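Hello,

Here is the structure I promised to pass on to you. Please have a look at it first, and then read my notes below.

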Amino acid sequence: MDEQVAQALDRAAATALVHAERMPSVPRGAWADGGLLPVSGATGRAAALQMRVSQVVAPTPIGYQRYVPSLSVVLVGRKRSVVGDDDQQWGREHFLITPVDLPVVAGVTAVEGDRGFLSVVWRLDPVVVGEVVASMSRSTAPLVEPPRLGTWTAPLADAFARLVGLLSAPEDVPVLFPLVSREVVLRLLQTEQAPRILAALDGDSVVARATALLNGRLDEAWSMERLAAVLTTSASTLFTRFKQATGMSPAQYLKRARLGEARRRMVVLGETAARAATAVGYRSASHFSRDYREAYGLPPAEDAAGAREAFAVAG
């Protein structure tokens, strides 16, 4: 890692550690409502920066998470993220851009001493992103699918460290946050991850409309042709833009979203596996069980029972 990048991320980690809530453990199923880790102890300051600062001290089970448009950074430790067919473990050498509402399976795989695992998730404001994009010289080169994980540049790491640094300078937030947030977006758009953001913002935001449609109507039978027709676009355009933005095909996205919602219904609402599967559009119990076990490592009923028990003990 570049020395300037390392120094900037060290600064960010030092500040984030001061403002992160330390958790001794996270029970299996703690992600049933879509959240990965607890909001920072400095809730007010973090919220003012549209940020979540999180820390755990032990590896966690893999679980379902729903990401909103955001920049995700691991400052200490490592995590595993499964997006579609892409399954990677990563730490502070990379960052993750989520340009649209995205279902992900993830968990903490490694911690480091007393610092444990430390991450920062910063919500990408579409208004700010749009303003920065509009002010930039846009390339006419065709969009290509970028790597799932982004690679730091020194200017991006420095801007990000200054953004996190505002946690310790709340009096500076009203003046500096609008400036620093736009700089972070600018630096992100200067990396290889720019196509991922642009794919979601381009044209009539067909990707954002597609994800909203799928999440709102999980129980319906969707084909590429039907989804494209409802969105009044071509199947090829939809597939290309969707894959560029999310790293998944619409079919992969739909399966992940269905499994996550089914898990939530079983753990939080106490529904049976059969009822939850039907509610999210599965017509075959064996198909649901196979997909679920592939995603979460356990049969649906066993996983849900373990998660409910963990919550009962924690409560």
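Predicted model: local features only at pLDDT ≥ 70, side-chain atom pairs only at ≥ 80, totals over all residues.

You will find Q50 in the loop between α2 (43–48) and β2 (51–56). Leaving aside residues up to four places away in sequence, Q50 touches V121, W122, R123, D125 and F177. With D125, 75 residues apart from Q50 along the chain, the separation of the C-alpha atoms is 8.6 Å.

Next, the strand β7, residues 94–98. Here 4 of the 5 residues are buried, so β7 is largely enclosed by the rest of the structure. Strand β4 (residues 70–76) runs antiparallel to β7, and 4 bridges join the two; L71 has I97 in β7 as its bridge partner. β7 also pairs with strand β10 (residues 150–151), again in the antiparallel sense, over 2 bridges. In that pairing, H94 stands opposite T151 of β10.

Finally, a pair of helices. The axes of α7 (residues 206–216) and α9 (residues 235–246) come within 9 Å and cross at roughly 85°, so the two helices are roughly perpendicular to each other. On the α7 side, V206, V207, A210, T211 and L214 meet L238, R241, F242, A245 and T246 of α9. The residues of this contact comprise 7 nonpolar, 2 polar and 1 charged.

Enjoy exploring it!

Best wishes

Note on methods:
Residues numbered from 1 in each chain as written. Heavy atoms only, no water. Axes fitted to C-alpha atoms, helices over the stretch in contact; angles between N-to-C directions. Parallel < 35°, antiparallel > 145°, perpendicular 65-115°, else oblique. Contact = heavy atoms within 4.5 Å. Nonpolar A, V, L, I, M, F, W, Y, C, P; charged D, E, K, R; others polar. Buried < 20%, exposed > 50% of the residue type's maximum accessible area, 1.4 Å probe, protein only. Pairing = 2+ DSSP bridges.
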